[in-house]
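Please keep the sequence and the model in view while reading.

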Amino acid sequence: MAFEPNEPQEKIKYDEMRIYSDEELNNYTEEELKNFKTKHDTPMCDDLESGPWPSFVADAKREALHRRKLADDRILLSAETVEDTLGQLEDSFVDGETHWKHGGIVGVFGYGGGVIGRYSDLQEKYPAVAHFHTLRVNQPMSKFYNTDFLRTICDLWEYRGSGMMNMHGSTGDIILLGTTTEQLEPIFYQMTHEMQQDLGGSGSNLRSPSCCLGRARCEWSCIDTQDMCYELTHYYQDELHRPAFPYKFKFKFDGCPNGCVASIARSDMSFIGTWKDDIRIDQDAVQAYIAGDIAPNGGAHAGKDWGKFDIQKEVINLCPTACMWMEDGKLMIDNKECTRCMHCINTMPQALRPGADTGVSILFGAKAPILEGAQMAVLTVPFMKCEPPYENIKDLVEKVWDWWMEEGKNRERLGELIQRWGLPKFLEVIGLPPMPQMVTEPRSNPYIFWKAEEVPGGFKRNIEDYRVKHMR
Amino acid sequence: MALSLERFGGYNPDKPMENRLTDLGPRHFWEFFPPVIQNNYGKWKYHEILEPGVLVHVSETGDKVFTVRCGGGRFMTVENVREICDIADKHCDGYVRFTTRNNIEFMVETQDKMEALKKDLMSRKHVTGSYKFPVGGTGAGVTNIVHTQGFLHCHTPATDASSMVKAIMDDLFDYFQGMTLPAQVRVSMACCLNMCGAVHCSDIALLGYHRKPPVIDHEVMDALCEIPLVIAACPTGAISPAKTEDGKKTVKIKEERCMFCGNCYTMCMAVPLADKEGDGVTILAGGKISNRISRPKFSKVVVPWLPNNFPRFPEVVRDVKKIVEAYAADANKYERIGDWAERIGWEKFFEKCDLPFTEHLIDDYRLAYDTYRTSSQFKYTEAAWEVSRAAGGIE
């Protein structure tokens, strides 16, 4: 099964795209790096070079040296951009406060987002970071790359930017960290024209969707996370680039309830792969686990002696619904009672597999605390088939957006609108009947709203009629 | 095709809309899959963790793919990415991927190639000593810390991200390279309570926090800010409209109702609140995202504030280590930190982790009542005896 892009896409060949020669790419020695002194004294930053974890300071310094040794006309920003970044960071450590000015509105024509403007408040001391804008570059699904693509981005960014980046931003984008306003359009032009690569989202719009690695390298993925993510990202390009919403909106696609891209906590619309038939059991493999021939949980606990695998203790007794048991040496599952938590499958991946009749559960409204408190997403659609081109999912997306775009207050996340209007209202606008699965438990207060049409006789009454039977 | 060296590239500032390409989206994923991934897409049968940092996936076709996972700094320069490319070209036919926790994964098709790759990765060190690509981050250990911009790029942080993460990962490094814990421990970090990332749902979470109300720049408030937005930004309704003595429109803030969230500053540059002495770090624990056994959980505040001791945050590192070690010693196999804390009771969590419990940890926002203990079920700890003593219940 091969997938095709929506539009024909030219291969990127680094050798045809490159800016820097091999000589320029290898323009310093270990010895020079050891003896390299940056422009500013940064004792606290330097302290972060020791210890085993990869040091971002050590990494920054090699880019600083590399830039110093490139000829003046081989980069468009100052050679000292990285050094001024470290200098300002050091000042922030000393002062205990950030030195970036508030906000900053910059971008590229045609789009309302994708670039985060930033200006230093120590511009005289650190002129190379006076402008220090970030570009969000929409990452390929689940962050697989080839080196032609990465090297091309690197050359482009070293030439027109700071050479510093985040791999990746929390939402998923490649983050290009630090360039001037002047270079935003040229960078965008080069990316779109030479690389067929677009910016990601920022502002009150659809942000760059992201997904777990799904069927690319996981036996549990119930859906084509990459394909769904790619299709919806492309289908909703307008919503992504031109803010038209009350606030931000995120899609995330998890292939199963393990939640490797954390959609339930970090997306307004969370897609979680699931199944509706039986867990597939290989009884021979179950026996192999019991015999100790296969390590439980893929060997995840191998660093400590937890004793011999005990299927009763580690699987059957930990099942949250107690729907498993052993019978005549066979593992039995009452699938009607299973909530598909993944524990048994996670623990015995060679013996148990998700069912074959798969789809997604859709949950809505996750967000961080601001304003009304943090929310996880609320289960709304228990199961939905999802096959390309995902028309049923697009229909649902648009119903939700229609309502939220109309009723949502300024800077009100979908989760907050659902809280303000109530889950029943949300169900009404997207046309779904209620089900017990939407709640952990039914309400305990009796402050129940009824509509006039639900009550015989309605709400229009006359006090005189009441007084006929009830003296004042 | 070639990247341009002109100052404006192909872009013509005089005709900005000419030749503009838009709405291309990301490139297609399929071209970035190594052949073994393309050939076995959707056919994977099972996987094993061969050793810390090394996975093997086995396909129905019999194909195998070995994945070596290594730590990444998230912040990285093009020099670092080029070195990643060198490794990918040398061992992996030019393919590489990044994980949702910003680790780096290299994939090969045979055990021999995997051994060579691993050796290469562990041999690469910065001149000042730290590993460039330490192998680990799999199974029941501590993997990479999801984190934010901090002082490197953001205007609202109450602490720094990259330095704190470096300090903590240095200290928890053995857990990154080991699989000795009851379950995986997800640590995350955000430099203010906008919580970009995963702080509200992690086993251990570090959060930059302010403790002083904003200072108001009355001079520029009306000129630079949309005052109603500033007022609406406050979760506790502490902000109201006001006028300065010379009649300029501004706001006033009821200090006793302000809990220093900084959301008004997000909306308005005239109410900055960063402060060296006031700002610091809050620690949360017990959150999770997966649905495994128990439902997803929010993380809970367990340490209300620690100082920003740049650059290595010794107090924060100390308390994180206390939590990890108490959990490692006490929790059952497969229990996440939140599962463990709920089973033993939070009173035991504080006792076992040797963390003080203060009034700051008791919720008092909107739905706070749901978090109070409306039961006589509790365990005795020293904290309980103290209350009994204070109430005159015991000597």
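B:H91 is buried, with a relative accessible area of 15%; buried denotes under 20% relative accessible area, exposed over 50%, and partly exposed in between, with a 1.4 Å probe and protein chains only. The residue B:H91 belongs to helix α2 of chain B. Helices (H or I, at least four residues) and strands (E, at least two) are DSSP runs, numbered from the N terminus. Leaving aside neighbours within four places in sequence, B:H91 is in contact with B:V108, B:K113, B:A116, B:L117 and B:D120, where contact means heavy atoms within 4.5 Å. The C-alpha atom of B:H91 is separated by 50 Å from that of B:P356, 265 residues apart along the chain.

The model is predicted: local features need pLDDT of at least 70, side-chain atom pairs count only at pLDDT 80 or more, and totals for chains, interfaces and linings use all residues. Residues are numbered from 1 along each chain as its sequence is written, chains are lettered from A and ligands numbered from 1 in the order in which they are written, and side-chain values use heavy atoms, with hydrogens and water left out.

In the order β1(A)-β2(A)-β5(A)-β4(A)-β4(B), 5 strands form an open sheet with antiparallel pairing; two strands pair if DSSP finds at least two bridges between them. At the edges are β1 (115-116) of chain A and β4 (75-77) of chain B, each of which pairs on one side only. Helix α2 (residues 78-91) of chain B packs on the sheet, where it touches β4 (164-167) of chain A together with β4 of chain B, and its direction makes about 80° with that of β4(B). Such angles run from 0 to 180 degrees between N-to-C directions, the axes being lines fitted to C-alpha atoms, for helices over the stretch in contact. Elsewhere in the sheet, strand β2 (residues 134-137) and strand β5 (residues 174-177) of chain A run antiparallel and are joined by 4 bridges, with A:L176 in β5(A) as the bridge partner of A:L135.

B:T77 is placed in strand β4 of chain B. This residue, B:T77, is buried, with a relative accessible area of 0%. Not counting residues up to four places away in sequence, B:T77 touches A:D59, A:A60, A:E63, A:G163, A:M164 and A:M165.

Chain A also holds another sheet. Here 5 strands form an open sheet in the order β6-β7-β8-β13-β14, and the pairing is mixed. Because β6 (210-211) and β14 (378-384) of chain A each have a single partner strand, one side of each is left without a neighbour in the sheet. Strand β7 (residues 251-254) of chain A pairs with β8(A) in the parallel sense over 4 bridges, and A:F251 has A:M269 as its bridge partner in β8(A). By contrast, β8(A) and β13(A) pair in the antiparallel sense over 7 bridges. Strand β13 (residues 358-364) of chain A pairs with β14(A) in the antiparallel sense over 4 bridges.

In strand β8 (residues 269-275) of chain A, 7 of its 7 residues are buried. In a regular strand the side chains alternate between the two faces of the sheet. Accordingly, A:M269, A:F271, A:G273 and A:W275 point one way from β8(A), while A:S270, A:I272 and A:T274 point the other way. Contacts of A:F271 beyond four places in sequence include A:M228, A:F251, A:I362 and A:I393.

The largest nonpolar core has 108 residues, of which A:M165, A:F251, A:F271, A:I393 and B:F106 touch the most other members. A nonpolar core is a set of buried Ala, Val, Leu, Ile, Met, Phe, Trp, Tyr and Cys residues joined through side-chain atoms within 4.5 Å. This core draws at least three residues from each of domain 1 (14-194) and domain 2 (210-274 + 359-454) of chain A; the domain bounds come from an automatic or database domain assignment. A second, separate core of 74 residues includes A:F36, A:V82, B:Y175 and B:C353.

Chain A also has a domain 3 (280-353). The C-alpha centres of domain 1 and domain 2 of chain A lie 35 Å apart, and 11 residues of domain 1 are in contact with 16 residues of domain 2 in this chain.
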